[in-house]
Amino acid sequence: MRIGELSARTGVSARSIRYYEQQGLLAAVRTASGQRVFAESAVDRVRLIQRLFDAGLSSRRMAELLPCVTDPEVRTSWLTDRLREERTRMTAEMARLAHAVAVLDDVVSDMTVTEDTRDPAA
């Protein structure tokens, strides 16, 4: 199938599909005129890539993990270890962001002007 059909069937833009190909996440065969032709399996592959992006994985990390994710015969504890590492990284980032939000809330609270704290001479 051509890139437009793959885009229509997955709801992913042709631009994103080209990016996936450039990053080594998706393969296409080129026709003599240079047009991309994707196998039927590309639909599931694009959907998987989208799920992994939604899960917060980078394209670099995906390129490393996809062979293990898509081929049950090469799935090992290495894959689950890497996915757990990603989860740990995300959890730490969430904690950092929660702390930043709490600090910002304190700053907003300190800066909030109420009737009691306004300068009467103003």
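Which residue forms a salt bridge with Arg82? The partner is Glu85, and the closest N and O atoms of the pair are 2.8 Å apart. A salt bridge here is a side-chain nitrogen of Lys or Arg within 4 Å of a carboxyl oxygen of Asp or Glu.

This is a predicted model, in which local features need pLDDT of at least 70, side-chain atom pairs count only at pLDDT 80 or more, and totals for chains, interfaces and linings use all residues. Residues are numbered from 1 along each chain as its sequence is written, and side-chain values use heavy atoms, with hydrogens and water left out.

| Pair | Closest N and O atoms |
|---|---|
| Arg82 and Glu85 | 2.8 Å |
| Arg89 and Glu86 | 2.9 Å |
| Glu93 and Arg96 | 2.8 Å |

Helix H5 covers residues 77-111, and Arg82 and Glu85 sit 3 residues apart in it, about one turn of the helix. Helices (H or I, at least four residues) and strands (E, at least two) are DSSP runs, numbered from the N terminus. A spacing of 3 residues also holds for Arg89 and Glu86, and for Glu93 and Arg96.

Accessibility is classed by relative accessible area: buried means under 20%, exposed over 50%, and partly exposed in between (1.4 Å probe, protein chains only). Arg82 is buried because its relative accessibility is 15%, whereas Glu85, at 38%, is partly exposed. In the next pair, Glu86 is buried at 8% and Arg89 is partly exposed at 42%. Glu93, at 33%, counts as partly exposed, and Arg96 is partly exposed at 47%.

Salt bridges link Arg61, Glu64, Arg82, Glu85, Glu86 and Arg89 in a network.

**The two domains**

The chain is divided into domain 1 (1-73) and domain 2 (75-115), with bounds that come from an automatic or database domain assignment. Their centres, taken over C-alpha atoms, are separated by 30 Å. Domain 1 gives 11 residues to the contact and domain 2 gives 9 residues, where contact means heavy atoms within 4.5 Å.

About 900 Å² is buried between the domains, with carbon and sulfur atoms giving 59%. Buried area is the accessible area (1.4 Å probe) that two parts lose on being put together, summed over both. On the side of domain 1, Arg61, Leu65 and Cys68 lose the most area to domain 2, together 48% of what that side buries.

The interface between domain 1 and domain 2 has 2 salt bridges. Arg61 forms a salt bridge with Glu85, with the closest N and O atoms 3.2 Å apart.

Leu52 is found in helix H3 (residues 42-54) and counts as buried because its relative accessibility is 12%. Beyond its neighbours within four places in sequence, Leu52 is in contact with Leu57, Met62 and Leu66.

Arg36 lies in strand S2 (residues 36-37) and is buried at 19% relative accessibility. Not counting residues up to four places away in sequence, Arg36 touches several residues, among them Met1, Ile3, Glu21 and Val29.
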